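Me: Hey, I'm new to this one. Can you walk me through it?

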Amino acid sequence: MSPMKTPPTAAETRAALARQAAFAAADAAALDGLLSVRPPEAGPRPEPVWDEATVVSHEVVRERYRRLTLSCGTIAATALAGQFLMITVPPHGGERILLPRPMAIHRRNPLRGTIEVIYGVAGRGTTALAAVTPGQRLLVTGPLGRGFEFPAGTRRALMIGRGVGVCAVMGSVEDAEARGIRATLVASGRTRGSLIGAAECAELGARFIPVTDEEGSADLPALGALLRSEFAAGPPDVVFVCGAGVLTRLAAELGAEWGVPVQASLEAHMACGLGYCHGCAAPVRTDPAVEGPLVCVDGPVFDAAV
Amino acid sequence: MSETPRPTTDARRTFFAARPTAGATVDLGVSIGGLRLLNPVMPASGCFGPALGRLIPVDELGAVVTKTVFGVPRGGNPAHRLTEIRAGMVNSVGIPSRGAAGYLAELHPHYRALGPPVIISVGAHRPNGYAPVVRDLGAAGDAYELNVSCPNLDRDGTDIGSDPDAIESAVAAVRLETDKPIIVKLPVLASSIAECAQAAQAAGADAVCVANSIPALPLEAYTRAPAIGNVIGGLSGPSIRPIVLRLVWLAARSVDIPVIACGGIETADDALDYFSVGASAVQVGTASFARPFAMVEIVRTLQQRCTDDRVAGIRDLIDLWRAQ
């Protein structure tokens with residue numbers, strides 16, 4: 001049993017809301033004019049399926065997240081790095097969740113036929129999802145969307161994730177290991193105890209750089225300086241980023257300095273994940289008389305350039 | 001020894017394989033004007049696209065319905081375009097459209113390739129705006145559904161479909177442009193759904209669809225800020241079913257043309273609720289998001305119920321229970 005949490009005070013809730021609002025405003029401002037739809041991929045995307053995935057395990061991970069391991073062989077075998085799932089959340093405690101929730105595929109294990117997602121409990125949907133137990137079956141649809149792609153000839157890659165955004169880039173760390181690409185993952189978060197990715201990087205042979213708000217190392221100037229020094233001898237060939245607009249802007253600025261491409265993964269409210277509900281307008285500047293790109297099918301990975 | 005990925009299957013594949021055998025099924029066919037549908041189940045406009053055809057055997061549906069096509073391209077609303085509250089889903093996508101020409105060139109071939117009759121949803125901002133779009137679409141649609149009820153665009157949620165005179169003039173003008181069946185999709189907020197349905201019938205419509213999402217204003221917790229970019233959106237999902245059941249009941253009593261029910265249908269039993277109050281067909285919207293196979297499951301369940309009870313169709317199935 002997990003220990004009972006004291007409910008936050010009104011002042012704590014207001015502080016958290018103010019933090020979220022500031023983050024959202026900074027995010028939107030940072031992404032303005034930064035993103036564009038990637039050129040068409042070379043090959044076809046894997047065909048999406050829906051499956052009754054068995055929950056293999058469901059556990060608390062780090063300070064504030066949960067890891068859900070699902071047995072769904074087709075998706076495990078076909079998902080590309082940076083693609084996502086729609087998870088239909090079963091009813092819990094009289095609470096019905098109508099819309100499936102989009103979640104990045106964190107790990108793929110085609111041999112076992114399993115995938116992992118990591119999420120934070122944030123609202124009604126994730127609160128209900130947190131109640132599922134091993135052995136239960138979850139309806140999932142995927143793999144969906146446009147993932148991260150290494151440019152031809154990539155030898156070194158930099159991945160940057162903020163919070164649970166690390167999960168969106170983890171598939172590319174897996175691919176890097178399989179292709180002999182040297183990967184560096186920067187995990188940014190509020191506290192050391194919240195960071196995801198250290199164990200995964202150790203397993204995959206990637207360099208892991210933790211940066212946090214509490215230590216000041218996640219502050220943008222500090223992080224920029226750290227990365228410039230880290231890659232002083234030679235820049236990475238590509239940068240993948242997810243989890244915060246301000247980090248995406250930093251990545252794009254570094255990419256411009258280094259002369260290398262930057263790809264950024266976004267999240268959005270969406271209902272279908274396939275493009276037909278048109279719910280997930282991407283923050284890409286377009287002619288207002290014409291519909292702009294959608295996060296689910298034109299992304300979630302976009303090109304980012306200053 | 002190197003491991004290879006184990007052979008795998010998935011629920012989608014199993015679902016496709018479970019297609020009922022042709023000939024072994026009850027005829028659930030229904031007519032909308034001169035258009036014969038294999039069965040009375042179809043998607044609600046805006047909750048379907050050719051992409052869903054990759055996940056389900058779409059050819060088991062009675063029809064497909066396009067996202068609303070406007071005459072000229074439209075961009076759609078700012079984020080967030082949708083949210084979920086306890087009462088249901090609220091959306092204000094803003095109906096992005098490629099316009100009639102863009103629809104015909106880029107989208108229509110994909111809808112046509114799905115197999116079932118294609119009902120093209122048509123939108124406009126004025127009563128006289130529908131006919132030119134239908135003219136531009138020509139013979140492409142097997143039927144046209146006039147979306148006079150999109151609640152999130154005009155005049156704070158009121159719209160053309162709440163005014164019988166406006167409905168009559170819109171339908172009469174479209175009637176001059178096409179011999180294909182005309183369906184009028186009515187809104188929830190009509191002063192009299194009966195008068196609106198009668199106006200559609202009088203002007204030559206072949207069916208009415210009742211209803212659409214309900215204008216609503218979702219707020220964020222604590223801050224009470226609007227939860228969607230357009231402030232006002234349309235509420236959908238199972239919570240609106242009793243509201244729409246009343247409207248379908250009222251409409252079906254007031255006109256002779258078929259009534260297509262649309263509002264919170266998730267299961268065959270939900271569909272049977274609507275059939276029992278006079279609907280001839282049903283549209284499924286929000287349910288497809290969480291359960292992509294919901295529409296096909298409804299068709300198969302209706303078939304199975306008729307087969308199990310050895311009855312010829314849905315009317316008999318309802319009568320059988322009514323007699324208890």
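**A loop residue to begin with**

Reply: B:Arg224 sits in the loop between β11 (214-216) and β12 (233-236) of chain B. Helices (H or I, at least four residues) and strands (E, at least two) are DSSP runs, numbered from the N terminus.

Me: Where do these numbers and letters come from?

Reply: Residues are numbered from 1 along each chain as its sequence is written, while chains are lettered from A and ligands numbered from 1 in the order in which they are written. This is a predicted model, where local features need pLDDT of at least 70 and side-chain atom pairs count only at pLDDT 80 or more, but totals for chains, interfaces and linings use all residues.

Me: Ok. Is B:Arg224 buried or exposed?

Reply: B:Arg224 is exposed, with 8 other C-beta atoms within 10 Å. A residue is buried if 20 or more other C-beta atoms lie within 10 Å of its own, exposed if 12 or fewer, and partly exposed in between, with C-beta atoms placed from the backbone.

Me: What's phi for B:Arg224?

Reply: Near 55°, a positive value in a residue other than glycine. Most residues other than glycine have a negative phi, and most peptide bonds are trans. B:Ile95 also has a positive phi, near 45°. That residue is in the loop between β6 and α2 (99-112) of chain B, and B:Ile95 is buried, with 23 other C-beta atoms within 10 Å.

Me: And which peptide bonds are cis?

Reply: One joins A:Gly142 and A:Pro143, with omega about -5°; A:Pro143 lies in strand β8 (residues 137-144) of chain A. Another runs from A:Gly299 to A:Pro300, with omega near 15°. A:Pro300 is in the loop between β13 and β14 of chain A.

Me: New topic. Which residues does UniProt list for "binding site"?

Reply: The unreviewed UniProt entry gives A:Cys272, A:Cys277, A:Cys280 and A:Cys296. They span 25 residues in sequence, yet no two of their C-alpha atoms are more than 10.1 Å apart, so they gather at one spot. UniProt positions follow the numbering used here, feature names are shortened, and annotations may be inferred rather than shown by experiment.

Me: What does A:Cys277 touch?

Reply: Leaving aside neighbours within four places in sequence, A:Cys277 is in contact with A:Met270, A:Ala271, A:Cys272, B:Cys47 and B:Phe289. Contact here means C-beta atoms, placed from the backbone, within 7 Å. A:Cys277 is buried, with 29 other C-beta atoms within 10 Å.

Me: How many residues does each chain give to the contact between A and B?

Reply: It takes 37 residues from chain B and 37 residues from chain A. On the side of chain B that touches chain A, the elements giving two or more residues are α1 (11-17), β5 (82-85), β6 (88-91) and α8 (287-290) of chain B. The residues on that side divide into 18 nonpolar, eleven polar and eight charged. Ala, Val, Leu, Ile, Met, Phe, Trp, Tyr, Cys and Pro count as nonpolar, Asp, Glu, Lys and Arg as charged, and the others, Gly among them, as polar.

Me: Last one: how is chain A divided?

Reply: Into domain 1 (49-144) and domain 2 (156-265), with bounds that come from an automatic or database domain assignment. Their centres, taken over C-alpha atoms, are separated by 24 Å. The contact takes 15 residues from domain 1 of chain A and 14 residues from domain 2 of chain A.

How values were computed: Contact = placed C-beta atoms within 7 Å.
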